[in-house]
Amino acid sequence: MEIREVFRIAAFNKKGSNYLSQWPLNIKKDLLFKISHTHKLEFQRVMEKKEINGYPHVAYEQTVYSLDEAEKRAKEYHQWLDTRRTVRDISNRPVSKELIESLIMAGSTAPSGAHKQPWTFCAISNSEIKKAIREAAEKEEYDSYHGRMSVRWLKDLEPIGTDWNKPFIEEAPWIVVIFKRVYESVDGEKNNNYYVNESVGIACGMIISAIHKAGLVTLTHTPSPMNFLTKILNRPENERPYLLLPIGYPKDDVFVPDLERKPLEDVAVFYE
């Protein structure tokens, strides 16, 4: 018998009522330490469900570290994230669909307004679709670099070395286009989502971090306007294109601009 079946039998009587919640807390905690980590969260959710204000809730558990350990982990995480760079030279080396799925699900763990999760991740490996997107993106980018952008904007881009050519859209094995869902259609009615830009922005940051964790590279591409993405990908009217991420391995011998990130004193203010 699988352990999850044991959990279900142990948790509910024949009437379906949860009686593990009535067990003393010290006994439940002791059980949690004795079962394997693989099944820990599943067992915990069975044991610790309760209703609050008429809605089901499950117990939350987080690993708590000493202050010294927490400071160490935070510093190591920052140092690791600081190695992430925008890379435009992306190899055509294959990346599995399963890997892309995991990256998307990492991004989709982001918090969102009223937990509406107002995003759609469109993952494209089809060469014909990537070619169409590249052609449309380069048309918009050409117009931007030849009239839409201000002189100051173009000057600021010079150290980065970007132009209207976007070969990475075709060269990368995958591109992921993130759409924001402005509203949902429920029974023919429009139900607006909340804090859509903020929610989708957080999700994008989390998938970018996951891409770095997987040893892959990406860049944030936002051709303006982006409406051609809606048409090419045949997205519904409640979705708006938000960001395009080409994803893959870096090419050999890649060089990136020698840039520096702002120090703490330039990005933070403390009120103590």
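Y194 touches G113, A114, K116 and S199, leaving out residues up to four places away in sequence; contact here means heavy atoms within 4.5 Å. Y194 and G113 sit 81 residues apart in sequence, yet their C-alpha atoms are 5.0 Å apart in space. The model is a predicted one, so local features need pLDDT of at least 70 and side-chain atom pairs count only at pLDDT 80 or more, while totals for chains, interfaces and linings use all residues. Residues are numbered from 1 along each chain as its sequence is written, and side-chain values use heavy atoms, with hydrogens and water left out.

Y194 lies in the loop between β6 (189-192) and α9 (196-213), and N193 is found in that loop too. Helices (H or I, at least four residues) and strands (E, at least two) are DSSP runs, numbered from the N terminus. Y194 is partly exposed, at 43% relative accessible area, whereas N193 is buried, at 9%; buried means under 20%, exposed over 50% and partly exposed in between (1.4 Å probe, protein chains only). Neighbours within four places aside, N193 is in contact with K116, P118, R181, V182, Y183 and E184. Its side chain reaches the backbone oxygen of R181 at 2.7 Å.

Then there is the packing of α9. Helix α5 (residues 97-107) passes α9 with axes that come within 7 Å and cross at roughly 140°; axes are lines fitted to C-alpha atoms over the stretch in contact, with angles from 0 to 180 degrees between N-to-C directions. The contact involves L103, I104, A106 and G107 of α5 with A203, M206, I207, A210 and I211 of α9.

Methods: A polar contact is a pair of N or O atoms within 3.5 Å; within protein, one must be able to donate a hydrogen and the other to accept it, and residues adjacent in sequence count only if both atoms are side-chain atoms.
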